[in-house]
Amino acid sequence: MIDLKDVEAYEHIDQSFRDSVSTIDQKGKRVWIYPKKPDGVLYKWRTYVSFLLLAILFGLPFLKVNGEPLVLFNILERRFIIFGLHFYPQDFHLFGLTMVTFILFIVLFTVAFGRLFCGWACPQTIFMEMVFRKIEYWIEGDGNDQRKLNAMPWNAEKIRKKGLKLAIFYVISFLIGNTFLSYIIGIDQLKDIVTSPPSEHLSGFMGMLIFSGVFFFVFTYFREQVCLVVCPYGRLQGVLLDKDSIVVAYDFVRGEPRGKLRKPKSPAPAETTSNTGEEVLLHETQPGDCIDCGLCVRVCPTGIDIRNGTQLECVNCTACIDACNSIMERIDKPKGLIRYASYNGIVNKVKFHFTPRIIAYSTILTLMVLLVSFLLYNRGDVEATLLRTPGTLFQMVDSTTVSNLYNLQLVNKTKDELPVTVKVVWPENAKLRIVGKNTANADGSAAEASAAASNEVSFNLNTQGTTENVMFIDLPKSSLSGRNTPVKVEIYSNNQKIEALKSNFIGPFVIK
Ligand code: SF4
Ligand code: SF4
């Protein structure tokens with residue numbers, strides 16, 4: 001926020017904007033925003049970027065690698081695929097670390113470049129401004145036409161326009177809802193739901209309706225309120241931004257004191273003719289470049305006046321930059337009265353530089369990226385957990401052999417069947433017995449186990465499956481080293497050791 005105390009030029013400006021939110025009136029009712037259609041270089045570039053991002057968003061669920069989706073966030077079955085890599089609940093630490101790294105990246109990015117993400121890449125802004133708003137302009141006309149249409153009594157024209165708009169909005173919301181659903185359940189399952197009668201996939205069908213309904217509500221009615229009252233990122237700006245952050249900002253040093261443009265009374269001075277030959281209205285008395293035309297406010301989709309400084313409501317959509325540039329062109333002044341700039345850039349003419357804050361965040365971020373990359377690179381194909389079965393002690397198999405019961409969970413993270421061998425390597429004369437040769441995989445199929453009275457057992461792990469095994473380790477009394485004897489189990493696949501596990505063996509008493 002601009003420190004207005006430092007800016008003498010602001011002394012004459014009404015400060016009442018601080019007392020209320022632009023979209024709520026004195027009685028607490030919603031003020032509907034009718035932004036003027038933006039136009040300009042940045043708006044064009046944002047359109048191109050948005051279409052590219054939309055193509056990626058809608059196209060990704062269709063992309064497959066070796067028959068598997070490229071990305072999948074199946075929270076229902078706790079199965080995640082990110083660019084072909086499979087993640088399971090056992091990888092939660094990786095997920096947590098990746099999230100922390102991502103949040104750090106957002107913090108760093110915001111400290112340096114403000115809400116660039118909101119204006120250029122946030123799905124909410126892209127859908128609202130580049131899809132739904134464009135359709136609204138096409139059907140109902142520009143901001144003022146929309147205001148008039150809403151104010152007029154219901155007639156054939158209003159019913160036709162509103163009906164057409166809502167129908168198209170619902171179809172698009174349905175598409176968005178289905179796309180998001182495909183990221184959760186996968187495109188094949190979604191196809192199944194779409195092509196079968198609703199009664200066969202009642203929960204999937206309900207999911208589709210709920211997703212579509214939520215998006216329809218958000219883009220038809222709730223709109224900018226998502227950014228203002230729901231999105232936590234917007235509310236964090238107060239602590240993330242500083243005077244060196246680059247944001248969409250009004251150059252108050254150049255623009256103030258603002259004032260309406262007046263025709264000069266005296267004979268026109270030389271500079272009243274622009275280089276295009278048009279007559280240009282230059283003021284005599286107004287020292288600031290802002291002619292108080294209000295166009296930057298009229299195009300703002302959140303209804304704020306950027307000349308009041310950086311505000312929580314500003315999503316950095318750049319519409320006001322384009323609007324003001326068009327005015328500056330017309331009055332023959334340099335563009336950029338509203339532009340990407342920092343407070344220090346405007347007041348002290350400081351160029352973008354790496355502040356200690358940015359350097360500190362960057363260092364931590366680099367370390368986090370290295371750590372996550374290392375963990376990802378060293379992530380094994382099989383995850384194994386060995387635990388003594390809770391609530392059990394020991395059993396005497398015969399007068400010389402003691403046995404303990406264990407739970408062994410094996411997760412195959414690859415898309416191939418994996419032959420594994422479970423081997424108890426310490427104590428040397430320990431034996432292994434898996435209870436039931438056919439242990440069930442998570443998908444219900446059988447994992448063939450070749451159980452034998454030896455120190456190892458081999459079986460196949462099904463593709464992307466979790467195998468829960470219950471097994472006994474038998475030890476001669478003579479091998480016990482006390483109340484607790486350390487046990488070491490190793491997991492092999494294709495003669496390669498892939499995991500080493502440790503546990504304890506409880507015995508009746510110390511023999512030696
Ligand atoms: S102030 Fe400008 S950049 Fe911010 S939301 Fe409004 S139009 Fe977009
Ligand atoms: S568009 Fe530019 S000139 Fe017009 S009110 Fe906004 S800042 Fe001032």
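A residue counts as near a molecule or strand if its C-beta atom, placed from the backbone, lies within 6 Å of it. The model is predicted: local features need pLDDT of at least 70 and side-chain atom pairs count only at pLDDT 80 or more, while totals for chains, interfaces and linings use all residues. Residues are numbered from 1 along each chain as its sequence is written, and chains are lettered from A and ligands numbered from 1 in the order in which they are written.

**Ligand 2**
- Around ligand 2 there are 15 residues, of which Cys290, Cys293, Leu295, Cys296 and Cys324 come nearest.
- Helix 13 (295–298) and helix 14 (319–330) each supply at least two residues of this shell; helices (H or I, at least four residues) are DSSP runs, numbered from the N terminus.
- Helix 14 gives the most, with 3 residues.
- The shell comprises 11 nonpolar, 2 polar and 2 charged residues, where Ala, Val, Leu, Ile, Met, Phe, Trp, Tyr, Cys and Pro count as nonpolar, Asp, Glu, Lys and Arg as charged, and the others, Gly among them, as polar.

**Ligand 1**
- Ligand 1 is surrounded by 14 residues, the closest being Cys300, Ile306, Cys314, Cys317 and Cys320.
- Its shell holds 11 nonpolar and 3 polar residues, and no charged ones.

**Helix 2**
- The buried residues of helix 2 are Thr110, Val111 and Ala112; buried means that 20 or more other C-beta atoms, placed from the backbone, lie within 10 Å of the residue's own.
- Just after helix 2, glycine 114 takes a positive phi of about 60 degrees.

Definitions and conventions: Buried ≥ 20, exposed ≤ 12 C-beta atoms within 10 Å, placed from the backbone.
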